[in-house]
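Work through the exercises below with the sequence and coordinates open. Each task is followed by its solution in steps.

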Amino acid sequence: MKRIFLMIGILACTMHLDVRAQRVIWQDDFETSKGWSECEDEDGKAVVKDGALVIKSNEGWKYISRCKTNLDGNKNFTISVDVNLKDGLGKGRYVGMIFDFSDRKNYKMFYIEEGLVRFAEYRDGYLVREEKDVLKKQKKKEKKSREKGTQITLEIQKEGQSVMFLVNEEETLEMDGIIVKSNRIGFMVAEDQEGLFDNVKIMQ
């Protein structure tokens, strides 16, 4: 019995050390563009400007910007970003993180609206998997003096084939059976929303 407890303790310690051993392998503070997709049209815009990635969607539309990174989807990883939402999450507005992005018809994403957190997976343009849960009221983050709006931090943590989505460092929705093949990531806003994305980090 002592041997069993010892083995469990060693395994837990090993997993803990693996998470702590992650280091930053890719980051962007948007002082210059690292290849993010930029566009501006009648549906909205995505531009790197004034040290941030600005994504704006007009009413009834979803707007995405994505970028290639050196992430290895076969390994555990953590992706985080700071977001400033001009008008918060009310009135059906959305903000989210995209990963395993192959093209506009194949990707996975976590996103939040007021009171809800969701996961969606698209294959060949079809929604093949979706989950949702209640989003607990988030603790307000301290805003920088130059910023107005709602400041939040979004994070995706992958361990094995389990992926956890965190909002302001609080766990929200966990998905199992997730396979990541693409190293491209992205961000999304929808329904008359404007977000300023900054301090993107990938740890592995």
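**Exercise 1.** Is Met164 buried or exposed, and which residues is Met164 in contact with?

Solution. Step 1: Met164 has a relative accessible area of 12%. Buried means under 20% relative accessible area, exposed over 50%, and partly exposed in between, with a 1.4 Å probe and protein chains only. Met164 is therefore buried. The model is a predicted one, in which local features need pLDDT of at least 70, side-chain atom pairs count only at pLDDT 80 or more, and totals for chains, interfaces and linings use all residues. Residues are numbered from 1 along each chain as its sequence is written, and side-chain values use heavy atoms, with hydrogens and water left out.

Step 2: Met164 lies in strand β12 (residues 162-167). Helices (H or I, at least four residues) and strands (E, at least two) are DSSP runs, numbered from the N terminus.

Step 3: Contact means heavy atoms within 4.5 Å. With neighbours within four places in sequence set aside, the contacts of Met164 are Glu155, Ile156, Gln157, Glu171, Thr172, Leu173 and Glu174.

Step 4: Met175 is 11 residues from Met164 along the chain, and their C-alpha atoms are separated by 6.5 Å.

**Exercise 2.** Which strands pair with β6, and over how many bridges?

Solution. Step 1: Two strands pair if DSSP finds at least two bridges between them.

Step 2: Strand β11 (residues 150-159) pairs with β6 in the antiparallel sense over nine bridges. Here Ile79 is opposite Ile156 of β11.

Step 3: Strand β15 (residues 193-203) also pairs with β6 in the antiparallel sense, over seven bridges. Leu196 in β15 is the bridge partner of Asn84.

Step 4: As for burial, eight of the nine residues of β6 (residues 77-85) are buried.

**Exercise 3.** What is the strand order of the open sheet of six strands, and which are the edge strands?

Solution. Step 1: The order is β5-β14-β7-β8-β9-β10, with antiparallel pairing.

Step 2: β5 (62-68) and β10 (126-134) each pair on one side only, and these are the edge strands.

Step 3: From one strand to the next, the twist averages 15°. Axes are lines fitted to C-alpha atoms, for helices over the stretch in contact, and angles run from 0 to 180 degrees between N-to-C directions.

Step 4: Within the sheet, β7 (residues 94-103) and β14 (residues 184-190) run antiparallel and are joined by five bridges. Tyr94 has Ala190 in β14 as its bridge partner.

**Exercise 4.** How many disulfides does a search of the whole structure find?

Solution. Step 1: A disulfide is a pair of cysteine sulfur atoms within 2.5 Å. The search finds zero.

Step 2: Cys39, at 38% relative accessibility, is partly exposed, while Cys67, at 1%, is buried.
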